[in-house]
Amino acid sequence: MADFDYSDDALNVIGAFYSAERMLYVEGDDDVVFWEYMLGKFGRREFKVQSTDGVKELNKYIKKIAANEINSSAARDADFTELGGVNNYSPRVARTYGHSIENTIISAAVICKIIRSHGRVPGRLVDEEHCENWLMGFYRDFEDLVIYDAANEVAGLGISVLGLNCTKYMKGKLSCIPDEAKISGKLQELNESNELVEKAETVRKAIARSARECCHFIRGHFLSSAALKYVNNTIKKAGSAKNASADAFFSSAVIAFETVFDDDHPELDHYRSNILKL
């Protein structure tokens, strides 16, 4: 649904074509899978989830929802909205806990499950502690750049910081190890912008006041690209010839995530609250 050509009346009855009471609009196809799971998890099966093929199109629906022009709901990535003070969305607009759905999906436990299932690697060869150490180390290495990335986005400065892929900051094209020299060099470059440095300090304080950690604000695709490299490197070291593509990684991650999203998951209450308010 890339075009926003339907009248409000048509949008209010479109769910009937899918034998659904209401529509839940999301940004893309990956989001459909994630939010369908969340709706089922919390018993909201009256919705049909529909991709709008882009955040710009999704925002058009969100505006109509907020104005009560259409009887629908939406779900979106939180991005940096919490840091930018944008908390006035309609209750009918659900948001991710972290920057993107990937921030919720990807964890050490999920990464280990992907290695075992996709790589056909025996459990005895997969060290969850090693997965956890790699992931926490990755978060620490990129903490300052994540803050600068958030500051740039919130302030609208138009400076290139992280991007959607981690490769340029790693030790090699296929490496899952961050290159300290490359990260340090980028930080030195960014420190030349006084406005960005000032805004970064504001963002750092905002994160400290929030219930979230800096790692929750790393771009989802950036995180996913690094986790994929770690998975493939670990599979190779285990002696398997398997190699996960980005699509295969995401599919495996969603399946694995559904097995760990239990009553003890730290983000459970956030999603329960968001889904039940729709």
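Helix axes are lines fitted to C-alpha atoms over the stretch in contact, and angles run from 0 to 180 degrees between N-to-C directions. Helices (H or I, at least four residues) and strands (E, at least two) are DSSP runs, numbered from the N terminus. This is a predicted model, in which local features need pLDDT of at least 70 and side-chain atom pairs count only at pLDDT 80 or more, while totals for chains, interfaces and linings use all residues. Residues are numbered from 1 along each chain as its sequence is written, and side-chain values use heavy atoms, with hydrogens and water left out.

Helix 5 and helix 6 pack with their axes 9 Å apart, at an angle of about 125°. The two helices are therefore oblique to each other; angles under 35 degrees count as roughly parallel, over 145 as roughly antiparallel, 65 to 115 as roughly perpendicular and the rest as oblique. Their crossing is right-handed, the near helix being turned clockwise from the far one by less than a right angle. Contact means heavy atoms within 4.5 Å. On the helix 5 side, Ala108, Ala109, Ile111, Cys112 and Ile115 meet Glu128, Cys131, Glu132, Trp134 and Leu135 of helix 6. The residues of this contact divide into eight nonpolar, no polar and two charged (Ala, Val, Leu, Ile, Met, Phe, Trp, Tyr, Cys and Pro count as nonpolar, Asp, Glu, Lys and Arg as charged, and the others, Gly among them, as polar).

Strand 3 covers residues 73-76. Ser73 and Ala75 point one way from the strand, Ala74 and Arg76 the other way, and all are buried (under 20% relative accessible area, with exposed over 50% and partly exposed in between, for a 1.4 Å probe and protein chains only). In a regular strand the side chains alternate between the two faces of the sheet.

Two strands pair if DSSP finds at least two bridges between them. Strand 1 (residues 22-26) runs parallel to strand 3 and is joined to it by two bridges, with Leu24 opposite Ser73. Three bridges join strand 3 to strand 4 (residues 93-95), also in parallel, and here Arg76 stands opposite Arg95.

Asp141 is found in helix 6 (residues 128-141) and is partly exposed, with a relative accessible area of 33%. Not counting residues up to four places away in sequence, Asp141 touches Pro178 and Ile183.

Arg120 lies in the loop between helix 5 (108-118) and helix 6. Although not a glycine, Arg120 has a positive phi of about 55°, and at 58% relative accessibility it counts as exposed. Asp53, in the loop between strand 2 (47-51) and helix 3 (55-66), has a positive phi near 65°.
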